[in-house]
Amino acid sequence: MAAAAQARCRRGGVRGDHDPVPGVRVHPQPPPQTVLEYFDLFERNPLLGLLDLDLLLTIDYLAMIPFYLALFVVLTRASATSALVALIAGLFSVALYLFSREATFSMWLLSSQYASAATAAQEAALVAAGQTLLTLYNGGSFGLSYILGAVSTLIFSVAMVRYRVFGLLPGIVGIITGVTMLVPANLGQIGVIVAMLSLIPTALWLILLSRAFFRTAKPTTSGGRFSRR
């Protein structure tokens, strides 16, 4: 979904202080690469450090939880099995992502401790702890999280097309979105290009579904029941 696309752009190195397009940040300076560079960034600008370690993307993933639940409620009437599998995949995607992003706040804490460290041994221990966080941050949990997000998107979307839930267009756009989310983030320049292009169907899919949810929840004028389109 949008979170996965943003994550792939973030991992590909397209980033910066300001976000003219969500998930794509343009920065004239390279981002931190080492633990000491992150410590220095947090000392100079904690907010920028949090943003650099995907604070907004973490909020984005948390926002997907009610989205997954809403899709489950709507689609379980048409295909309970597909809806359940897609929900589980989506929730596991969020859980793995949050697990991989322990560095977002912990690195800030470590940087403060490093600044007040009294001995070289304490500094070395804090740097080692920071390196562990960065390893987790860039590890397999992150990659698996957006693969599961892609699986969830595809299952939900295929079910929407098959059972004509919300019409054909949201399901078709969702399938395109899910396919682009399967491109590995570490696939080099190709991964970055696909990630940027995937923002278009992702945004369109979320807009279409938001409108469909609104129509579904809106009572009909005749009997106050919920309309289904």
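A crossing of two helices is left-handed if the near helix is turned anticlockwise from the far one by less than a right angle. The model discussed here is predicted.

Q: What handedness has the crossing of α8 and α9?
A: The crossing of α8 and α9 is left-handed. The contact is made by residues including A150, L154 and V161 of α8 and L168, I172 and V179 of α9. By class, the contact residues comprise 10 nonpolar, six polar and no charged.

Q: Why are α8 and α9 called roughly antiparallel?
A: The axes of α8 (residues 140-162) and α9 (residues 168-180) cross at roughly 155° and come within 8 Å. Angles over 145 degrees count as roughly antiparallel, and α8 and α9 are therefore described in that way.

Q: What makes L53 buried?
A: Buried means under 20% relative accessible area, and L53 has 0%, so L53 is buried. L53 is found in the loop between α3 and α4.

Q: Why is the pair of Y61 and Y97 called stacked?
A: Planes under 30 degrees apart count as stacked, and those of Y61 and Y97 stand at 5°, with 3.9 Å centre to centre. Y61 lies in α4 and Y97 in α5, so the pair ties together parts that are 36 residues apart in sequence. Both Y61 and Y97 are buried.

Q: How do you know that F67 and W205 form an edge-to-face pair?
A: Planes over 60 degrees apart count as edge-to-face. The planes of F67 and W205 are at 70° and their ring centres 6.1 Å apart, so the pair is edge-to-face. The pair links F67 in α4 with W205 in α10, 138 residues apart. F67 and W205 also belong to one aromatic cluster with F166 and F213.

Conventions:
Residues numbered from 1 in each chain as written. Predicted model: local features only at pLDDT ≥ 70, side-chain atom pairs only at ≥ 80, totals over all residues. Heavy atoms only, no water. Axes fitted to C-alpha atoms, helices over the stretch in contact; angles between N-to-C directions. Helix = DSSP H or I, 4+ residues; strand = E, 2+ residues; numbered from the N terminus. Parallel < 35°, antiparallel > 145°, perpendicular 65-115°, else oblique. Contact = heavy atoms within 4.5 Å. Nonpolar A, V, L, I, M, F, W, Y, C, P; charged D, E, K, R; others polar. Buried < 20%, exposed > 50% of the residue type's maximum accessible area, 1.4 Å probe, protein only. Phe/Tyr/Trp six-rings, centres within 6.5 Å; stacked < 30°, edge-to-face > 60°.
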